[in-house]
Amino acid sequence: NMGAEYSLGKMLYLRGGYRFNYDEEGFTFGGGLNYNLSGVAAKINYAYVDFGRLQKVNMFSVGFSF
């Protein structure tokens with residue numbers, strides 16, 4: 001596997017990668033946003049994965065920490 005992440009001010013993240021020698025998985029890309037508001041940290045992430053037969057898979061995650 002190979003991947004990279006670029007951070008802009010520890011708030012916005014851009015990600016990309018590739019999985020070698022897999023039948024279904026290959027190119028991936030995505031991003032994330034980290035935000036702090038009055039002691040509550042929120043994280044929102046998105047990823048796109050090319051899964052071959054499953055075609056285009058979009059993944060989202062949302063997290064909070066207090």
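**Close-up views of the sheet and its nonpolar patch**

**View 1. Strands contributing to the nonpolar patch.** At least two residues of the nonpolar patch come from each of β1, β2 (12-18), β3 (27-37) and β5; strands (E, at least two residues) are DSSP runs, numbered from the N terminus. β3 supplies the largest share, three residues. The model is predicted: local features need pLDDT of at least 70, side-chain atom pairs count only at pLDDT 80 or more, and totals for chains, interfaces and linings use all residues. Residues are numbered from 1 along each chain as its sequence is written, and side-chain values use heavy atoms, without hydrogens and water.

**View 2. Members of the nonpolar patch.** The surface patch consists of Y6, L8, M11, L12, L14, L33, Y35, L37, I44, V62, F64 and F66, together about 1300 Å² of accessible area (Shrake-Rupley method, 1.4 Å probe, with only the protein chains shown counting as cover for residues). Patch residues have over 30% relative accessible area and no salt bridge, and nonpolar side chains (Val, Leu, Ile, Met, Phe, Trp, Tyr) are joined within 5 Å; a salt bridge is a side-chain nitrogen of Lys or Arg within 4 Å of a carboxyl oxygen of Asp or Glu.

**View 3. L37 in strand β3.** L37 lies in β3. L37 has a relative accessible area of 52% and is therefore exposed (over 50%).

**View 4. The open sheet.** Five strands are arranged in the order β1-β2-β3-β4-β5, with antiparallel pairing (at least two DSSP bridges between two strands). β1 (2-8) and β5 (56-65) are the edge strands, each pairing on one side only.

**View 5. Pairing of β4 with β5.** Strand β4 (residues 40-50) runs antiparallel to β5, and 10 bridges join them. K43 stands opposite G63 of β5.

Terms used
Helix = DSSP H or I, 4+ residues; strand = E, 2+ residues; numbered from the N terminus. Patch = residues over 30% accessible without salt bridge, like charges linked within 9 Å, V, L, I, M, F, W, Y side chains within 5 Å. Buried < 20%, exposed > 50% of the residue type's maximum accessible area, 1.4 Å probe, protein only.
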